[in-house]
Amino acid sequence: MKDVIVIKCGGSTIAELSPEFFKSVVNMQKSGKHPIIVHGGGPAINHLLEKLDIHSEFVDGLRKTTEDVLNTAEMVLCGKVNKQVVTSIQQAGGQAVGLSGCDGRLLEVTPVNEKVLGYVGEPTKVNTSLLTTLFDLSMIPVIAPIGLNEDGVHYNVNADSAAGAIAKALGAEQLVFVTDVDGILKDGQCLDRVTSNDIEEYIADGTIYGGMIPKVKAALSTFTGGIQSVMIMNGKSTTVGEDGSVQGTIIVKSKIELSIS
Ligand SMILES: Nc1ncnc2c1ncn2[C@@H]1O[C@H](COP(=O)(O)OP(=O)(O)O)[C@@H](O)[C@H]1O
Ligand SMILES: CC(=O)N[C@@H](CCC(=O)OP(=O)(O)O)C(=O)O
């Protein structure tokens, strides 16, 4: 769907996003685009897990999720972070509706690897008509990455995967990852151009690790959905133009390569 811009706001940077950032999202909508925010909240989840003395660890950027971890993640993402983002948009003059992937069965998932990761889900189905209905009401959807399976069991979903699946399902015009680094770094330099083969190599040799892995995987997965460009950018310096253009560093331009805009 033309004019849909999916903006994934990482937990690494969400607290630092400026009022101007949210104003630019609202202006984007006023100019006829349909922005959707998908947010993370990894550091806030870590903080509450530590307070509750619940152990958690990551495997290739995905959090191993026991029932206690799931309950904590859901409380933080849906109860706290989601409502903070909704409020920020409303303070910037827009109208926003906060949803998790469970609301309206927005994000149906299957387990990624129940044995290793527990309650971690990979999106399989997106309720796109719920999102387009919100567009018709001039609402900006703000989505927390908790999904559910066919039986209604809740799963923790990496926010990058959720954003990729939503962008792909809607045939979005653009997918933007707002995070705490300028783009994909190698030996301290931000890379201009990265092929899908490079991505495999960089994951294998450790250049791309941790939280960057779900981002590049989500970026690659959107290509089959017709996305033309995926950007990774630093939330500390992010502004979004009214036309949906984003001042950033890296664009995935085709099915196989990332390149600077
Ligand atoms: N090659 C890479 N280039 C840049 N960042 C990388 C790379 N490999 C791993 N990372 C890590 O990915 C992090 C961003 O992912 P993450 O911490 O999950 O942020 P977010 O909450 O925004 O999703 C960076 O802060 C960095 O530590
Ligand atoms: C399965 C999985 O890893 N879920 C993530 C969901 C939040 C998230 O993705 O937050 P960021 O965008 O800040 O990384 C987690 O529990 O941290």
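## A tour of the annotated binding site

Start by selecting Gly-42: with 20 C-beta neighbours inside 10 Å, this glycine counts as buried, because the threshold for buried is 20 or more. Keep in mind as you go that this is a predicted model.

Gly-42 sits in helix H2. Show its contacts next: leaving aside neighbours within four places in sequence, Gly-42 touches Gly-11 and Ser-12.

Now step back to Gly-41, in the loop between strand S2 (34–39) and helix H2 (42–51). Is Gly-41 buried or exposed? Gly-41 has 27 C-beta neighbours inside 10 Å, so it counts as buried. Not counting residues up to four places away in sequence, select Gly-11, Ile-14, Val-76, Leu-77 and Val-81 to see what Gly-41 is in contact with.

Together with Gly-41 and Gly-42, they carry the feature "binding site" in an unreviewed UniProt entry. These positions span 116 residues in sequence, yet no two of their C-alpha atoms are more than 11.9 Å apart, so they gather at one spot.

Finally, bring up ligand 2 and the 17 residues around it. Which of them come nearest? Pick out Gly-11, Gly-40, Gly-42, Arg-63 and Ala-159. Colour by secondary structure and look for H2 and strand S4 (62–63), each of which supplies at least two residues of this shell. Colouring the shell around ligand 2 by residue class gives 7 nonpolar, 9 polar and 1 charged.

Note on methods. Residues numbered from 1 in each chain as written. Chains lettered and ligands numbered in written order. Predicted model: local features only at pLDDT ≥ 70, side-chain atom pairs only at ≥ 80, totals over all residues. UniProt positions renumbered as here; feature names shortened; annotations may be inferred. Helix = DSSP H or I, 4+ residues; strand = E, 2+ residues; numbered from the N terminus. Buried ≥ 20, exposed ≤ 12 C-beta atoms within 10 Å, placed from the backbone. Contact = placed C-beta atoms within 7 Å. Near = placed C-beta within 6 Å. Nonpolar A, V, L, I, M, F, W, Y, C, P; charged D, E, K, R; others polar.
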